[in-house]
Amino acid sequence: MSLISAVAARLTTSNAHVRLKVVDTNTSAKASELLAAHKADLAVVRGDTGGLGDARSVLLLTHGVVLLMTPSTVSGDSLGDLRNTKIGVIGGPINRPAVEALKQVYQFDRAKIEFQDVAIADATAALSSGQVHALLAVVPLTEKYLAKVRQLFQKAGAKGSGPKLIEIESAGAVANIARYYESYDIPKGTLRGAPPAPSDDLTSLRVSYFLVANKSVSAEDITDLTQSLVDVRRDLLSQYPILAQAAAPSTDANALIPIHPGAATYYNGNQQSFLDKYDDKLYYGSLLLGSLISIVIAAWRFAGSGNGSQSMVEPLYELGNEIKGAKSEAELDKVEKRIDDMLKAELARNASGEGADSNDMAALGLAAHRLQHLMNHRRTLLRSASAAREPVAAQ
């Protein structure tokens with residue numbers, strides 16, 4: 001919740017096209033329900049959540065890894081070795097899909113293994129009292145969450161050096177049946193470095209967390225959002241290290257959650273420029289450069305001096321200086337967003353009968369064309385300068 005709130009705040013302060021209003025639903029299932037009911041446009045959900053038929057992925061946020069843990073004194077190193085064991089499921093309902101997936105492969109009745117929901121606040125007491133002998137949790141492998149895992153066992157007074165991870169040796173078979181999971185090797189030393197725990201890479205399962213949008217949300221809005229999220233990710237990475245795991249979702253046709261067309265547009269590098277978006281609405285002729293645009297500006301000032309209306313061409317044209325002075329492609333992207341907003345607003349006014357007339361729209365087209373030319377030229381110069389600074393790798 002705090003991460004998404006921080007993202008929403010940063011989108012606001014950076015004047016991003018898309019803003020987020022965050023509602024805490026407490027569970028992935030509830031977020032999925034709001035999305036399906038069109039009461040929310042976006043949701044953060046876990047891949048094993050039901051009701052995602054209308055969901056389309058925008059960003060893969062992180063992975064949750066299934067950790068099956070016992071005190072280090074317990075015998076048995078794999079789930080298939082455990083007998084007469086009560087396993088506390090931290091989080092209860094949200095992790096029941098993981099338990100149900102395991103039950104499809106492992107014969108828990110024969111091994112006398114039982115599962116019992118345990119609130120995280122009660123996990124230490126349940127473990128120390130013998131109410132449960134092991135704990136199952138699904139968490140990202142970041143220090144924040146791993147520290148909480150260690151504390152659970154330390155407070156429980158576990159003998160030895162702390163928790164031991166139990167291998168889910170048939171993780172591949174589980175993933176084949178429940179496709180929202182995948183087999184994953186927990187790296188050696190994840191829980192402790194010296195001596196390492198686990199002592200070697202250990203097989204388990206993991207599930208993905210996604211930011212998803214309802215498929216009805218416009219592709220253009222999701223493209224803008226995706227670009228803003230990638231920019232925000234860089235800004236917040238030091239404060240929220242979990243964002244290092246954020247990535248583009250799968251674009252495969254058979255992906256667990258199909259990618260939203262707007263997100264696919266961004267990741268494939270197919271974003272339209274403002275001219276691409278509006279060339280069917282803005283009238284412009286051949287490419288006219290700076291001198292002609294200056295004449296248009298002067299003529300507009302003369303003709304409009306007495307009508308009290310504000311020219312859209314002049315503020316557009318003045319952005320040319322910002323484009324020429326841009327020091328990075330990120331600065332150019334911000335200018336392009338401003339141009340896009342201005343054109344979109346004027347076209348909306350025009351459609352309602354309040355905006356510019358046909359001659360004014362022609363002038364807007366000329367101004368936009370000029371700015372697009374400057375934008376492309378500046379990008380070429382910046383990329384050439386960047387390439388010249390890069391060291392040449394030795395063969």
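Contact here means heavy atoms within 4.5 Å. In this predicted model, Gln116 touches Ile87, Gly88, Val89, Gln131 and Val132, with residues up to four places away in sequence left out of the count. Gln116 lies in strand β4, which spans residues 113–118. Its relative accessible area is 27%, and Gln116 is therefore partly exposed.

Aromatic rings were examined next. A pair of aromatic rings is described by the distance of the centres and the angle of the planes. With ring centres required to lie within 6.5 Å, four aromatic pairs are counted. One of them joins Tyr106 and Phe108: the ring centres are 5.8 Å apart and the planes are at 15°, so this pair is stacked. Planes under 30 degrees apart meet the criterion for stacking. Tyr106 has a relative accessibility of 10% and counts as buried; Phe108, at 5%, also counts as buried. Another pair is formed by Tyr266 and Tyr267, whose ring centres are 5.6 Å apart; the planes are at 70°, so the arrangement is edge-to-face. Here the planes are over 60 degrees apart, as that class requires. Tyr266 is buried, with a relative accessible area of 18%, whereas Tyr267, at 24% relative accessibility, counts as partly exposed.

Tyr106 and Phe108 also belong, together with Phe115, to one aromatic cluster.

Methods
Residues numbered from 1 in each chain as written. Predicted model: local features only at pLDDT ≥ 70, side-chain atom pairs only at ≥ 80, totals over all residues. Heavy atoms only, no water. Phe/Tyr/Trp six-rings, centres within 6.5 Å; stacked < 30°, edge-to-face > 60°. Buried < 20%, exposed > 50% of the residue type's maximum accessible area, 1.4 Å probe, protein only. Helix = DSSP H or I, 4+ residues; strand = E, 2+ residues; numbered from the N terminus.
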